[in-house]
Amino acid sequence: MSRAKCIMVQGTMSGAGKSLLCTALCRIFAQDGYRVAPFKSQNMALNSFVTRDGLEMGRAQVVQAQAAGMEPDVRMNPILLKPSSDVGSQVIVNGEVRGQMPAAAYFKLKKSLIPDILAAYNSLSEEVDIIVIEGAGSPAEINLKADDIVNMGLAKLVDAPVLLAGDIDRGGVFAQLYGTVELLEPAERARIKGLVINKFRGDAAILKPGLTMLEEKTHLPVLGVVPYLRVDIEDEDSLSSRLESNTAVKPLDAAILRLPHISNFTDFMPLEQHPLLSVRYVQSPRQLGAPDVVILPGTKNTIDDLLWLRQCGLEAAVQKLATSGTPVLGVCGGYQMLGETLADPEGTESGRSQTVRGLGLLPIQTVFTDAKHRTQDTATVTAPQLAGAVLTGYQIHTGRTAVQGVPFCRLADGSAEGCVKDNMAGTYLHGLFDTGELTEKLVQLLCSRKDISPASAPLLSMQEYRQQQFDLLADGVRRALDMNALYAAMGLEGRNTL
């Protein structure tokens, strides 16, 4: 079987827009009739996903696969690092936990993972026409280049042509691009087939003198100036600007606690689209105020984040709101926090043996173990006032939770999941708002509490919404890039059927 062509997008820094550009290219190539798969050898993010076969991968490649019309596959992201502290991460290889490692230990290990990376890449390459590869950070991080497996090191392994993208929105884009190119070795520079200026606002004509000088100094073509596109695509990690939202501007106010190790905050994107709901992220009792609903999200470090809630005063503020009748919802780690106790006898979750009290709002007790639960699930909510909502989602957590109360929902096999008590509820299900049915039920509940008509509250399907956003993204990037040059860099002819 023939081997897929490939293109790699590298950036001058984290947040340069690599993930979105790769998502756009996946969509464009799929629109042009190619079978496309995304690939990122090593991803560091707390937003993760469980595949149909129960393996864990980063959400960025899940989004890119969705844009390409492909089923997410762990081969698209063979190494996932989930930071648990400033100096350590959980290391996941081929969807399975390899262990908790400090940075120094992982740096010693990572070159031994090259066979895993190549096996995943080569296997994908036999099944698709094009692989869109995403780099990480910058290829000019000269302190890391010797052991690089995600930027130019990977490009060499798979013989990938490279696009280098810089973010003009942060300023200094010409220095970013020129400096990055200058710090590369000659063989690495030779892989770059073009430069891309990303996130531009305004009239691109004013950039022309700078573009000409940049091409003269780097001896590389600028293949496009991509405008700042106002599309709503899931964000990869805590650099997300959506986490900065802390002001309520709609009739209903949903406050999500911005935990230090917040994960899978993409669960709440469907709420952000609702015409009656303001979604904001809060870090203090003052910011919390008196919302209509409080949500405790997932976290990579449940116990440490629970202690942070206690120390900063948010625990007491949430307990006071809950006592007064404000609905409180916990998801995954947030669900565990709402319970009576969290025990970590072997130190697998927090690094030392300890048992801490939870917020005491749900009759549950959680014990952490080495085992990670990873499943895709469908469920029907049974909790009063939210009953009947059909959910599709996934579970990805360590810890077993004993529930003494009423379940939040029933899984497709009839088993109970989660817990509800009065106005408090918790569940392990990520993606619980994606079908739109739980969003509708929640909005109806909140509207009834404030005597607001929910008539303008439509049923939202994230699947349809995502597809619309992918098309908007692809249209904007296609117009901005020299697609003929891009296809030529891969040794292909375009099939622009649009």
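Predicted model: local features only at pLDDT ≥ 70, side-chain atom pairs only at ≥ 80, totals over all residues.
Let's start with the strands. Six of them, 6 strands in the order β2-β9-β1-β10-β11-β12, make up an open sheet with parallel pairing. At the edges sit β2 (36-39) and β12 (222-227), and each of these pairs on one side only. On average, neighbouring strands of this sheet are turned by 20° against each other, direction ignored. In general, strands of a sheet pair through backbone hydrogen bonds, either parallel or antiparallel.

Now zoom in on one pair. Strand β11 (residues 192-200) runs parallel to β12, and 4 bridges join the two. If you look for leucine 195, you'll find it opposite valine 222 in β12.

**The helices**

| Helix | Lies across | Angle |
|---|---|---|
| α2 (residues 59-68) | β2 and β9 | about 170° to β2 |
| α6 (residues 173-182) | β10 (162-167) and β11 | about 145° to β10 |

**A leucine in a loop**

Where does leucine 144 sit? Its place is in the loop between β9 (130-134) and α5 (152-158). Is leucine 144 buried, partly exposed or exposed? Its relative accessibility is 30%, so leucine 144 counts as partly exposed; buried would need under 20%, and exposed over 50%.

How far apart are leucine 144 and isoleucine 192? Along the sequence they are 48 residues apart, and in space it's 19 Å from C-alpha to C-alpha.

Note on methods: Residues numbered from 1 in each chain as written. Heavy atoms only, no water. Buried < 20%, exposed > 50% of the residue type's maximum accessible area, 1.4 Å probe, protein only. Pairing = 2+ DSSP bridges. Axes fitted to C-alpha atoms, helices over the stretch in contact; angles between N-to-C directions. Contact = heavy atoms within 4.5 Å.
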